[in-house]
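I opened my notebook to walk through this one step by step. Come along and keep the picture open beside you.

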Amino acid sequence: MRADRVFAYGAAAGLLGDLLLGDPRRGHPVAAFGRAAGAVERVLWRDHRGWGALHTAVCVGGAVSLAAVAGRSVRTSRIASVALTAAATWSVVGGTSLGREARAIGGALAAGDIEVARERLPHLCGRDPQALDADGIARAVVESVAENTSDAVVGALVWGAAAGVPGLVGFRAVNTLDAMVGHRSAKYRRYGWASARLDDVAGWPGARLTAVLAAVAGSDPRGALRAWRVDAVKHPSPNAGPVEASFAGALGVRLGGTLSYAGRVEHRPVLNGGGRAVVVGDIERAVRLSRRVGWLALGVSVAGRLLVNGLRAKGRTS
């Protein structure tokens, strides 16, 4: 079986597995990677960019190498190759768990139980929940759903289409490492620099595809494209900006503004300033948009890989 078909069948099965089962309850490979990366950090940590770059190379390089070895070990079996791709896809995407957490917070807010919503918010993002009222929590959830649609679903599928199982695993390793050490705290400002920059590079194509698909799948394509064009560049993140702006326009809401994160107060630019304020009901709308974007991303990724391989085969025979 050709590699493009292996990816198509395996990625579709993996995304379906995520839809039906969500993340593995125990023994999650991403959690195992996090523990290994933490152990490497305890050995290598120095307040220096070079040591941080070594940490990134060891962790990401190790994950990609293991994935490549696993891929080679099953390449003579079509069924095993598809199964490995499906297992890798299921392990690295997290759209269903993202939706469950968002809906749980939305349900608590709808019931008027803001304390439960505050307790659950750290499962979804790093905002300081005590600094947020109900509307602030709802806005944080919508923003997190938008950003994580790119990080937890679309980006992985893009890299899977480009490089198979090593691409799937490598992207998730980069994204996880950035979450661990890539933030601008005093401890990680230099040590996490390489991880943060690598995450920016790896996330670039998935973020743009997410923004495009949010415009296609949302109720206001023109508004999504306009918000992306006008407001994305104002965001401090080169990848979260396009995604959050496009989601804001697609949903007709206003995102951004003042937030408290990791003990810091940040005043981020408003995205889609002509939109209305986020309300609790927008959480469900964002989750549904995220799911549509994920399935569209699978179709685009599979079609792109088939097209590229077809052009290569045509070039070899011409």
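**Entry 1: the core.** I started with the largest nonpolar core, which has 72 residues, and found that Ile105, Leu121, Ile137 and Val141 touch the most other members. A nonpolar core here is a set of buried Ala, Val, Leu, Ile, Met, Phe, Trp, Tyr and Cys residues joined through side-chain atoms within 4.5 Å. Helix H7 (residues 134-181) supplies the largest share of this core, 21 residues. Helices (H or I, at least four residues) and strands (E, at least two) are DSSP runs, numbered from the N terminus.

A note on the source: this is a predicted model, where local features need pLDDT of at least 70, side-chain atom pairs count only at pLDDT 80 or more, and totals for chains, interfaces and linings use all residues. Residues are numbered from 1 along each chain as its sequence is written, and side-chain values use heavy atoms, leaving out hydrogens and water.

Next I asked which residues Ile105 is in contact with (heavy atoms within 4.5 Å). Setting aside neighbours within four places in sequence, I listed Ala117, Arg120, Leu121, Leu124, Ile137 and Val141.

**Entry 2: H2 against H7.** I looked up how helix H2 (residues 29-44) meets H7: their axes come within 10 Å and cross at roughly 55 degrees. Axes are lines fitted to C-alpha atoms, for helices over the stretch in contact, and angles run from 0 to 180 degrees between N-to-C directions. That angle makes H2 oblique to H7. Angles under 35 degrees count as roughly parallel, over 145 as roughly antiparallel, 65 to 115 as roughly perpendicular and the rest as oblique. From H2, the contact uses Val30, Phe33, Gly34, Ala37, Gly38 and Glu41, and from H7 it uses Arg172, Ala173, Thr176, Leu177, Met180 and Val181. I sorted these residues into seven nonpolar, three polar and two charged. In this sorting, Ala, Val, Leu, Ile, Met, Phe, Trp, Tyr, Cys and Pro count as nonpolar, Asp, Glu, Lys and Arg as charged, and the others, Gly among them, as polar.

**Entry 3: Arg139.** I found Arg139 in helix H7. Is Arg139 buried or exposed? Its relative accessibility is 14%, so Arg139 counts as buried. The cut-offs are under 20% relative accessible area for buried, over 50% for exposed and partly exposed in between (1.4 Å probe, protein chains only). Beyond four places in sequence, Arg139 touches Arg254, Leu255, Gly256, Gly257, Thr258 and Val278. I also noted Asp282, 143 residues from Arg139 in sequence but 8.6 Å away in space, C-alpha to C-alpha.

**Entry 4: around H8.** Leu213 sits in helix H8 (residues 193-217) and is buried, at 7% relative accessible area.

I then followed H8 to helix H9 (residues 221-231), where the axes come within 8 Å and cross at roughly 150 degrees. H8 is therefore roughly antiparallel to H9. Arg208, Ala211, Val212 and Ala215 of H8 meet Pro221, Ala224, Leu225 and Trp228 of H9. I counted seven nonpolar residues, no polar and one charged in this contact.

**Entry 5: a loop residue.** My last stop was Asn272, in the loop between strand E2 (264-271) and strand E3 (276-277). Asn272 is not a glycine, yet I found a positive phi of about 60 degrees. With 12% relative accessibility, Asn272 counts as buried.
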